[in-house]
Amino acid sequence: REPVYQVSIQEFQRIITDRPPSLVTLEDARSYIRYLQTDSGISPRTQQHRIGCLRNLLKIGIREGLVETNVFDGQFIATPAGSADQKGYRPFTKQELIAIFTELKANHTKHRTQLCYLLLCTGCRLNDALQLRSFDLQQSSTGIWFFNWKHEPTAEIPMLLKSKSKNNRQTPLHQRLIDEGILDLDRSKPRRLLADNMPSKSSYSAWFKLILQKQGIWESRRTGLHSIRGTSKDLQREAGISAEIRMALTAHSLRDAGESMYGDGLQKQPDVLFKELKKLDLSWLP
């Protein structure tokens, strides 16, 4: 999580002041909030996250005796009226997907092409896909291949899921993903399954942005790699896959507390999920 905090610190130092934390004033905090709300160009949710990072750091500083007051305590971002009605990333149309995957297959590496197929076939988040390890690709007793996502922050090759163990799941591989060669990746030793030379999630986002710009379908804060997750959900709906199965496949929270708290649940039943996933026809993709 260090890079997230570093972004907030560096922005505050660049825009407001580089004085040490013990000398930062309440007016400095308010000036930063004014900047975030008027000139930063980032969403209210991200603005609040920046404030939260600095508040948490000063809270730790007080606990350790490094600062006396937390000037960000009680400071919040005012959410504009109606902002909750604004949608975030939109899904791609089928025509847009065809253009994207045609470009990927023609001009980009196999690993990055498989990454996009993985995002579409599973509906997972980018971070989840990039953290997959070679030994997370497993096979059930009935022969069904699946990704075994498991929150393991202290493992030699760690996996950090958004909602921790609540996002543990066993997602079956769609046949299209197998046809694209996901099983041919090097699994001879423990390593990241989709090993590549990009250093961070933002690097992948920047790379994908260039693809969208080339195809004329990039929209600021509306299209990106995260759009594939929404597209996957839409395609599953179109295929007649039930909401319960969709939520298990994409690791969204279950509505029923009993389903999410007791027993393994659908998220740990790849054979059952695979029977439904077969309804999803992706033969039209290049």
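This is a predicted model: local features need pLDDT of at least 70, side-chain atom pairs count only at pLDDT 80 or more; totals for chains, interfaces and linings use all residues.
Helix α9, residues 226–238, has 13 residues and reaches 19 Å from its first C-alpha to its last, close to the 18 Å expected at 1.5 Å a residue. Within α9, the residues S227, I228, R229, T231, S232, K233, L235 and Q236 are buried. The buried residues of the helix pack against four other helices: α4 (94–107), α5 (110–122), α8 (201–215) and α10 (243–250). Just after α9, G240 takes a positive phi of about 85 degrees.

S227 lies in α9, and it counts as buried because its relative accessibility is 1%, where the cut-off for a buried residue is under 20%. Leaving aside residues up to four places away in sequence, S227 touches Y89, R90, P91, F92 and R222. A related distance concerns G88: S227 and G88 are 139 residues apart in sequence, and their C-alpha atoms are 9.0 Å apart in space.

The protein chain has 12 helices and three strands, and 43% of its 286 residues count as buried. Among contacts between residues at least 6 apart in sequence, 63% join residues at least 24 apart. Along its principal axes, the C-alpha trace spans about 60 × 45 × 40 Å.

Two of the strands can be considered together. Strand β2 (residues 145–149) and strand β3 run antiparallel and are joined by four bridges. Within this pairing, N148 stands opposite Q170 in β3. In a regular strand the side chains alternate between the two faces of the sheet. For strand β3, residues 169–172, both faces are covered: R169 and T171 are buried on one side, and Q170 and P172 are buried on the other.

The surface of the molecule remains to be described. The accessible surface of the protein chain comes to about 15700 Å², and carbon and sulfur atoms account for 50% of it. On this surface, I9, L57 and I60 form a nonpolar patch, with about 200 Å² of accessible area together. L57 lies in helix α3, which covers residues 44–63. At 31% relative accessibility, L57 counts as partly exposed, because that class lies between the cut-offs of under 20% for buried and over 50% for exposed.

Terms used
Residues are numbered from 1 along each chain as its sequence is written. Side-chain values use heavy atoms; hydrogens and water are left out. Buried means under 20% relative accessible area, exposed over 50%, partly exposed in between (1.4 Å probe, protein chains only). Two strands pair if DSSP finds at least two bridges between them. Patches are made of residues with over 30% relative accessible area and no salt bridge: like charges are joined within 9 Å, nonpolar side chains (Val, Leu, Ile, Met, Phe, Trp, Tyr) within 5 Å. Accessible areas come from the Shrake-Rupley method with a 1.4 Å probe; for residues, only the protein chains shown count as cover. A salt bridge is a side-chain nitrogen of Lys or Arg within 4 Å of a carboxyl oxygen of Asp or Glu. The expected span of a helix is 1.5 Å times one less than its number of residues. Contact means heavy atoms within 4.5 Å.
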